[in-house]
Number of protein chains: 2
Amino acid sequence: MSRLPGDPPDYFRVHVFICTNRRPDDNKRGSCAGRGSEALREHMKDAQKKLGLKDVRINSAGCLDRCGKGPVMVIYPEGIWYSFNSVADLDEILETHIVGGGRVERLMLAPNS
Amino acid sequence: MSRLPGDPPDYFRVHVFICTNRRPDDNKRGSCAGRGSEALREHMKDAQKKLGLKDVRINSAGCLDRCGKGPVMVIYPEGIWYSFNSVADLDEILETHIVGGGRVERLMLAPNS
């Protein structure tokens, strides 16, 4: 969907949504929280604050419906999706994508995955 | 932040994030869940399904940091923010914005509110 003339400017320059959905431990689909996404999100928030990025919001979200690739995040307004598993992954997304405006191609989700 | 050449297409045509953050009942700031956002989100999901909008995701989110105007939502990738209080508000956002591509100006948040 497109922006229209007269729309207000983006409220956050970068708005990150990290899935922190948790399913029961015996659920066969697993869940992002079950794979550690809550603690990883806390790391990313702390790292963002240390970098002084005030125009960035690291949000929690319910199930983003791409569970097989979890933990996952989506970064708006550009709409880029990443899978991540470690603090090193998140630091690279912060430095390369959020600060640098580039992409961490090795972590990006394929369009239909 | 801008999209880059080679970025994948949007995974969801419209990705709605509704704050369902809940603070304790005696918290003076209140919260979106304390003002009914969870049930309102369920209504919007049901209405979306009835309309057959398969390229739309109505997500829950943690605190979106615009608490004074809650319940609030943000719609990406266009980055438009709304405050809402009723199923009628949500039906209007669905019909006018998500189906029609327009804006419900009476519910839009002012840029710095």
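Predicted model: local features only at pLDDT ≥ 70, side-chain atom pairs only at ≥ 80, totals over all residues.

Residues are numbered from 1 along each chain as its sequence is written, chains are lettered from A and ligands numbered from 1 in the order in which they are written, and side-chain values use heavy atoms, with hydrogens and water left out.

**Exercise 1.** Determine which residues of helix H2 of chain A are buried, and what they pack against.

*Solution.* Helices (H or I, at least four residues) and strands (E, at least two) are DSSP runs, numbered from the N terminus. Buried means under 20% relative accessible area, exposed over 50%, and partly exposed in between (1.4 Å probe, protein chains only).

Step 1. In H2(A), residues 87-99, the buried residues are Asp89(A), Leu90(A), Ile93(A), Leu94(A), His97(A) and Ile98(A).

Step 2. With contact taken as heavy atoms within 4.5 Å, these residues pack against strands E1 (14-19), E2 (56-61), E3 (72-76) and E4 (80-83) and helix H1 (37-51) of chain A.

Step 3. After H2(A) comes Gly101(A), with a positive phi near 75°.

**Exercise 2.** Classify the arrangement of H1(A) and H2(A).

*Solution.* Axes are lines fitted to C-alpha atoms, for helices over the stretch in contact, and angles run from 0 to 180 degrees between N-to-C directions.

Step 1. The axes of H1(A) and H2(A) are 10 Å apart, and the packing angle is about 40°.

Step 2. H1(A) is therefore oblique to H2(A) (under 35 degrees is roughly parallel, over 145 roughly antiparallel, 65 to 115 roughly perpendicular, and the rest oblique).

Step 3. Residues in contact include Leu40(A) and Met44(A) of H1(A), and Leu90(A) and Leu94(A) of H2(A).

**Exercise 3.** Classify the ring pairs Phe12(A)–Trp81(B) and Tyr76(A)–Tyr76(B).

*Solution.* Rings of Phe, Tyr and Trp (its six-membered ring) pair if their centres lie within 6.5 Å; planes under 30 degrees apart count as stacked, over 60 as edge-to-face and the rest as tilted.

Step 1. Over all chains, this rule gives ten aromatic pairs.

Step 2. Phe12(A) and Trp81(B) have ring centres 5.9 Å apart and planes at 65°, so they are edge-to-face. Phe12(A) and Trp81(B) are both buried.

Step 3. Tyr76(A) and Tyr76(B) have ring centres 4.9 Å apart and planes at 0°, so they are stacked. Each lies in strand E3 of its chain, so the pair joins two chains.

Step 4. Tyr76(A), Tyr76(B), Phe17(A) and Phe17(B) form one aromatic cluster.
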